[in-house]
Every structure is written in structure tokens, then in C-alpha cells.
Amino acid sequence: MRTILQQLLAIGPELATFILTSPLLNARGAYAITPQQVPSPNLDLSSLGRVAVAGDFDSISLYTYEGQNEGAFSTNGSQSLLTQYPDGSFQTLATADASIMAMCPFVQKGALQGVIIGGNFTSLGGVEAQSIALWNPNTTQVTALPGLSGKVSTVYCDATSGTVYVGGSFMAGNSTNAMAWTTGWTNLPFAGFNGPVTSITKNAAGNIVFGGDFDGLGNTTTPLNPDGQVINIASGNITAENTAASSDPRSIICNTNSSTDWLLQDNTAGHWQGNFTYGFNPTKIRLYNAQADNKGTKAFYFEDLNSGGILLLNYLDGNGQSQYCSNNCPLANNASAQDFHFVPPIGMDAFRINIVQWYGSGGGLSGIELFQDDIYSFAVDDYNEPKCDDVSSGSQSASYPSNLWQRVANNGNSSSDYLSAYLQSESQISSQTSVVFVPDIKQSGNYSITVYTPGCLQDSSCSTRGLVNVTGALTSDSMSFSTTLFQNNNYDKYDQVYYGYVDVDSDSFKSTVTLVPQAGQNVPLTVVAQRVRFELITTTGGLNGLFEYNPNEAVVSTDFSTSKINAAGASLASGASVNAVQTVGSTLYVAGNFSGTGISNVMSVGDNATALAHGGLNAAVEALYQNGSMLYFGGNFSNTADNSVSGLSNVAAYDTSSSSWQALGAGVDGQVSALVELAVNLTTNNPVSCLTINGDFTSVNGFNGNAAFSAEGLAVWVPSRNNWLHNLPNAPVTITGQLTAMTNVTGYSALYAGQLASHTNGYNGAAELVGSGRPSLETMGLTLITTSSTASNGSSSQRKRALQAGQSYSGVYNGLYYSKNGLNITIAGGSFQAKASNGSTVENLLFVNNTGSTQEITGVTGLDSASIFTSFDYYQTTLFASGQISGAVNGHDVKGLIAYNLSTAEYASTQPAALSGNSVIVNAIAVQPNAALVFVGGNFDSAGSLPCNTLCYYDASASQWNSPGTGLGGVIASMVWSSSTTLVIAGNLTIDGAGASLVNYDSKKQTFSQYTTATSPGTIEVLAPVTNNYKEFWASGTASNGSSYLAKLSNNIWTGVSLASGTTIRGLQMLSLVENHASTNLIDSNQVLMLMGNINVPDFGNASAALFNGTTMVPFLLTSRQGGSQGTLGHVFVGNPQNLTSSSKHHLALGLVVLVGLAISLGLLMLIVIAGILMERHRRRREGYIPMPMDKSTNLARIPPESLLGGLSEKQNPPKL
């Protein structure tokens, strides 16, 4: 048995040194487990009426918590550690480079030490960790637990003893496939199993029960004839010190006939040295002394250059007695080979033989060989076993075609150089591209075969790594295996691909292992091949898939009959494979692929093995989950063993209290591999315990009036409703992805492993934003049908900003609210299928009519299924809908534009004549204010018989096409009326042959002119006015270098905004705020710009909608598609579109400005008059003014009236003037 140090060094000195010298607590943080709510977007939607966003998505959610993301599901097998936000969506805590298969909380002496995470990863949360790690929920740190190589399939944390039991397909210490961790790795007293362990639990007696695919306790063992594999030292860099003239140190490699000598200079010490690009674990060195006259080595020592240590050697002296030496190991002065064994064997990749004493005039050697027990075949054939004397028949390898495979230097980052093929053609992804490994098998027996895969970080190939298929031919009667491996591991990994019998080599047969790229992958693809190892396994026998271990016994008895559990396994037919064990009360339940007397694939073990009701299940069980007295089974079965219970298609429930089977609906249409508990918010903040069904299936079977529905490998069963989540009326959540494991941690939220997305509103294609500040999402009542093809299609052609001629698209492209003339209708268009109220399927255009007391959803007929609707406008009650449309309406061909009567819910009796041209599309419709003229813009040459390219208008009152004038060419993407006679047009345009991106059209003069003299950054595909004076615009499109741009036009100057790589903008919209942000040069403090599409937000990633305040961009809306890929948004439409462009500075209308000014003037005038009166009164008082007395009789007494007026009668004539 080898120590853990020897095991580590056997995998390569560089990697071993790294593992042994890295501090155990060398860890790095991931994300906080406590969800932090992000600041409110502070949107003011109050004046817009109903507000909706449209796009290509199956679920949508608001960006509410830090850590939320829209990352698409990985297709390379990597998974993450997850927890749930309060709204049911998921936070990623740490990401692995491969699958996470098991978890449990590790408790010692009542204190939580962390959560054990096991799988087949090589890194977790950015920390190098081979298959197992410890995650701290308080600090979110990942701590590697080095010393294990292989795959961890199951873990069980025993809080009573503070021990973690680990099972899988791996090597660790002196144990195989099973190990224990306390404060470090602890060998189990039975040294593991001779096959993989898949499940571990604790039974009612307090013993640990292992289940798996084994038939005995066992471990690796040395072959009957040790030291049988020759190490190829000819591949190394061979040097020497003080070599005699004309002597070559390489000449003695594999030289067994003493024909050539390597000699030192006379009377001078020296050394022979080898440095290699691969690691090995030698058990023996064979030396041949020099045979030159009067020269030979008398004493030497062997130095390991990796550690700098002098190694202890064991040899037989001239009397045949065993002796040990280190500093001065004697070498006999004869031609015979002399063997020295390493005590113990040490892994290395560089060594030196130091000659310190010699016979005659100087030292030397005539031959050197190194041997080991390890059986390898390397992809780099230079490393494979040479054929020296009669010891070795040689291992070998071959790569096809040889010109595709390049040797990659390991540079100390891996255990050896390896081969890499960069495939750029799909024809290269075939069985013709391969590496064939041929080991040297000297002994028949049971072997564990491990494939080594170099990490992708060292050669920067992670983005192009994929899947490989590994097959083996291992016996002369064609026994073989086949398995698929991911190669996207960050660091070196080791996959056990086979355990079983292997034949000895013969003249007619040699075992082979072949590695080829998995068919059906995309290019470019990088495939790597390094080495394959064969390890001989010894076993006790006597077991059959089950083993009960008493941790209180220091020595394990091989009398397995004393255990009822071991006896239960032995009672099954040989070759039993146990996939799950679970204790319920005092009874152990076992599931897998096995049979016995009346037992089929499931059984209970109490006093003996007992069949479940109806004999069990009729095919293998892969997964088992317990909830109280209810057990849930998943696998590839279809019924009970006696075929008496229908609806058990790959998933079933068993009530242990009543011993009865129950169906989960009617099951799913493919194999189930994992059953994982999940809390789902069926109502706001009201989580309900559900069960996720995970596996290789594509749909859920229909039952009891519930139709079958698509499900890409995941379905959610709601036990309290006895139905699938998908079937619940108004189910508020959509969950996609897959889960592999779950664990509850006391004091913390539950932890999950896998790839999962849960959006709080499962609305596809369009959703409404309700409320201001932080809006909520509500359904629009649409029921779009998602097919597996559209769900998984991530084609960039479906993500364009403005739909161009000949492009494809899926989802809702645009919409319109119509609430005039007593009608209340929502229109949605794009490329989709949806369910109408009568159950029929409608395509690409639908109407949600809420005019009456009952909502009614209808569509149209007669149009081609490939039609795509992009834009809408209306005149009176006639809807004009445009896009990439073709078909027949009322017996006449239509193309590009149709008319629909909203009041009668049918096509208008007169349709616009079909547009014509190459790839006709209408991207924009704009009805002229106060007129019946419908302007359409896009890509076309004529309307009916009227020559009319790029822009044309349809007179709705006269039902005819008209030309707006001449001179405009190109493709229009967007249009908006800036006044009743001025139309602003954007796109890839020309005016009289000169290039233009933004154009003014004067409808009175019927002329076109450049809107601005400033040159735009590129073609305009999306245009959004900043205010209702239409003097400023935001625009996006494609720049001259092919990338997306975002720019603002103001004061005849375009100002660009830097966008992160990969951003695609499909829509822009200015929105008002309820709370101002800091003032910026680009956007007023009471406004924000919403970008829609696939927006790469710095320090976040992709968002379907983001908000930009002039300096900072933050995510706003996140979407996904059913297959787990990212969704996208394209347009926002509102009930009051006239308020979308209200002035950003909140200027009042001119009439109101006049009235306010008049009021202010009158107020100021009144203040002036009042001030004047007060000042005059003050002046009079200062000057002694006395008011006139109010007693008039006193004055009359002093001067009678007649004295004043009496003389008037004496004048007879008026005075002359």
C-alpha cells in the first residue's frame, strides 16, 4: 500500500508539489449569501397609462438583488452552487468547472464547519479543488481538500462523529472509492471498494451504509511480477558533468549489451542527469557498470532533483543479502545488471546519479534502466514504454490524422506534455480524428482505468473545449466500454472510465482505449489527449452492491453474513448496482439496477430483503428522494414489475405508510437522473415545497385533461396540488435548467447545485410594467407557444436591432394599445405561435380584446407562417400592421402591410396593394397628424403599380398609394413626426445618391433634406427622440467597424457613449423619474434612457434592458428562454404614447406660459400700487398733513353759501373768450 504522499507524487511532481505546499485555507471569496436589494430605478410611469415591453423571451424578471444575472446556461457541463432570493430567483454563490453531485453540512462538536461540496470539478469559485471542497456560508470562502483524485459521487456528513464519508470513483491515500474526512483524510479500515460508490447513508443502528457497483472490499495492488513497466528516459534532456572526451551520456539509455560506455574524466567525480517533461514514480533502477579497461563506478548515490533529497535504495549484496544504502551505494565491477529498489518509491521528473568512487582511473556506466509498477499509455508517444532487453513489449499510442495533433508543452502546469487538436471544420468532428492508447498489460485481472485530461487554463482553450467519447476494447472476446467526458476542466482532472476485467496482452490481442471528439458539436473545437492509466485491483469478494460499516469497529470482518444489509445484497442476483439508499424509520430502502426473488430494482431491508408493492419497478432506478413517509423514485422505468400501476413513466411515488404506488401525473418521456427538493413561490413570498424532476427528457406527459408540455430536462411537481407547476392556473414562476443536489443548512437558506433560472413572472413575449418607482411585472394575457427549436436557438440572427430584409426573428417584436372609440384592445406582433380563446393556434399577430366583460384573444388567417410583424399605427378604427409580411387577404395578395378593422375584428374590406421588390419589409409606420395618410418605410421598390421606393404613403380615405416625392433611397429603420408636416426618418439612406442616416421630410414641399450636417457614427437602426420638440435624438446602430454604437445628437453634434463588447441594442426609450439623479451632460437629471436588446453592462454581464443616466448603466430587466439561453427585449409600447416625449425640462405649453406671465405681471403691478399708497401716506404724515374734519356744519356756518355764489346773478352776459 502506498502512502498519500506517494499517491500524490505519482500524478506528477509539479502538481504534487503544488498540492502539498498550498495552504489548506488558501481560499477565495465568492458572493455574499445574504441578498442585498439594489436601489430602486425610480421610474415615473404614471402618465404613460399601460406600459409593456416586448421581445424574445419565455420568462422575465426585474433586476432586484445583487448577484442576479442573466447568464446563459453553460453547455460544457459546468454547474454552480446556488441559493434563492426572497422572490424565488437564484443567486450564484460559486461556480465549478464541471458538475456538482453531492453536498452536506459538515458539523463537528455541534459547530458548523462548512458545507462539503463534491463532484468531478477541478475548481470551485475560482479555487483549484480536485472533486471536493469546503464552502463557508459565513465568509463564502472555498477551501480545497487536497489529496483525492477522481470523481466524488456522494457524501454523508455524520454530525454525531464529526466525520464526512465520501464515495465515488477515486483514489485517496490507501483507499479506493471510499474515504473519510475529519480534520484531514482518514483511511477507512476496509481500504475502500473494488467498484464505484454511488450512495451513503446512516441506518437506524447508527452504522454507515454504502451502496454502489462493487462486489467486494478492495484497493489497488501490486502485480504478480512487480517492476514490470519500463520508464522511457530517452525522451528526457540528458546531461552529464565531467564527461570524458568522445563519450555520450545518451549512449547508455536502454543499453543492455554493454556495447557502449559513458565515461568520466580520469580521477574526477561527476554525474549523469535526466530532466523530463513528464512525471513518473520509479520503483527500481537497473545499472550496468562500465566495461572499459581500467574504468568503472565503485560507489554512487541517487538524487531526486525535485526535492533535492538523496534517496534510500535497497539491493542484494554479493552474498544475496538485502542491504540498504543512500550516500555510497556500491556497484560491482562486472558486466551484470545490478538492481536497486527505491524505499519508498518517490514521484519525480528529474534525477541525478552522482558517481563518487570508481575503479581504476575513473568512473562510468554502460547502461541504465528505470522501472515502475504504474501502467500508462501516453498520447505523446515519446513517453511510452521502450523495448529494453526482454522485460518490456512496449506501450504505444497513435494519433489520427497526425497532422491535426500538436504537442503542447506542460510548462510545469501539468504532469506531462500532451496532444491538442484544434478542429475548425465540422467534418473533422468524427471518429477519424482520434488518439488510440495501447498499454502494456502483463497480467489479466480487474483494473480501474483512468483518463487524464489536462486543464484548459494553461493553454487558454477553455472557450473551445467540449466533449470527447472514450471507448475501450479490453478483452479478446470484444468486451468494451463507452463513455462521454467533458474537457472544459480548468485544471488537470482524472476520470475513472471503467472498472472491470482486462485481458493480458498476447500476440493476437492488445487492449486499447480510443479518444474521439463527440459528434454534433460546433466548431471551433479543441480536443486534448494526455494519458490513460490502468490500475490492478484486488478484492475480497462476498458483497453485492451493499455494505454496512460499523464505525466503532477498528477491524472489519470479511464475514459479511453477520450483517442483514450485506446479506440482503448477497441475496440479489450477482452484478447488483445500487444507486440510492435511504433510511425511513428503522427500515432501509434500496434502489438501483438489480433483481432478486420477487424483487425488481427497489427493495426494503429490515430483517431481510423485502420487495415493495407489486414487486417494485420494471427497470433501473437512478434517484431516490424522501419526504416524510413518501419516497419518490426516478429512473427509466415505465410501470411496476407486474405492470399493474399506470402513469409511472420514469418517475413514481411510494407511500411507505400504505405500501402503495402513486403516479406523478403520467410521468415524463425520458430518463430521470435526479430528484431535488425546491421551494417555489406560488404566491408572493409564500414558498411551497416542490420536487424538481431532472434528467434526459423533453416533455411531460399529459394526464386527466392536462395536455403534454415541453420540458427540457426539468419539470416541477407540486405535491400539495398533485400537479405539475406548468399546469397550475396563472403559475407565477418559470423554472428552467437542472438541479443535481440540495442540502439544508441550519440557520441559512437552502443550498442547491446545478444550473437553474427562476424568473418570478413566467410571461413569454411581452409583459406589463405596473407602478412607478420600482415597477412590478404583470401578465398581458398572452399564451405564446414555445417549441424546443426556438427555445434552444441562440442564433444571432434572431437578436438584431432593427429587422432587416431577409432576417429571421422569434418572439414578440412590437405592440400597440388601442383605447379609442369605446374599444380596449392590445395588439402584439412578431414571429410566434399563440393560443386563441377558442383553443386554436394563431400566428405572428394577435389581439387581446378587453372591450367586453370577457377577455377574448384572436388572430388572423391567410398570411404565410413565416410572416413577421414589426410596426403598428392606426387611423380611426383601422389598424395598419407592417413587417416582413406576405399572404392573401380577401382573395388578394398582400405584402409588407395589411389593414385590419378593430371595430369589426376582421380584415379591412380594402387592403393596400402589395409592396414589391427584393426582400420586402416595412420597418416603420407613421400616420401623419390630422390626416388620413399612412407613411410606411422600409425596403421596397413599388406599391402596387406605383413606383415608390423606401418611403411611400397610403391614403386611408381614398384607399390608394401615393409617392411622397423623389430622391430618397436605401432602407428605413425608424420614423417619427416632429410636426404635422415634418417627418424625421432614420436608417441606411441616401438623398439623391448621397449617403445619409437621418433625414427630414417636408410633406408640404415633398422634399427630403439632411437633418444634420454632423456625421453619425454609423447607420441608424434605432432612434428615440429626447423631448417633444424633436431637436435631440438618441440613436444606435452599426458603426463602420461592425460594432454597436450609442450616440446622442444635440446642437448638431453627435456624442458617443462607450459600449461593452457584445452589446446589441434593439430599442431605446427615454423615461421620466420620480426622483432625480445627479446632473449629467447627456441626460437631464429627471430622465433616464432605457436600452433594450442584449446589453453588456460593465461589472454585471448581459441584461435585456438597462438604464443609463448619462454616466452609469445599470441592469433593469432580465430575461431567459426555455432552453436556458439569454432572452432579449426590443420595444416598449404604452397606452399614452404622446407622453413618452414630454419635455425633459418640463416646459409649459405656450398658452399656459402667457397666462402665467400675465398673472405674474398683474401681481407685480398690484404690489407696486400698494407700495405707492403706503409711501404717500407716510410722506403726508411726516409733513404734518391733517385730514379734513368730518363735521361739515361748522364750515357752513363760517361762510354761508350765498356769500360765495350770490354774485353770479349780477353777470348778464357770458364772458368773451
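A residue counts as buried when its relative accessible area is under 20%, as exposed when over 50%, and as partly exposed in between. The exercises below apply this to the disulfides of a predicted model, which holds four of them.

**Exercise 1.** Determine whether Cys952 is buried or exposed, and describe the disulfide to which Cys952 belongs.

*Solution.* Begin with the accessibility: Cys952 has a relative accessible area of 0%, and because the cut-off for buried is under 20%, Cys952 is buried. Next take the partner, Cys948, which forms a disulfide with Cys952, their sulfur atoms 2.3 Å apart. Cys948 has a relative accessibility of 3% and therefore counts as buried. Finally, consider the torsion about the S-S bond of this pair, which is about 125°, so the disulfide is right-handed.

**Exercise 2.** Describe the link between Cys325 and Cys329, starting from the distance between their sulfur atoms.

*Solution.* The S to S distance is 2.0 Å, and a disulfide joins Cys325 to Cys329; the distance meets the criterion because a pair of cysteine sulfur atoms within 2.5 Å is taken as a disulfide. The angle about the S-S bond is 105°, and the link is right-handed. As for accessibility, Cys325 and Cys329 are both buried.

Conventions. Residues numbered from 1 in each chain as written. Predicted model: local features only at pLDDT ≥ 70, side-chain atom pairs only at ≥ 80, totals over all residues. Heavy atoms only, no water. Buried < 20%, exposed > 50% of the residue type's maximum accessible area, 1.4 Å probe, protein only.
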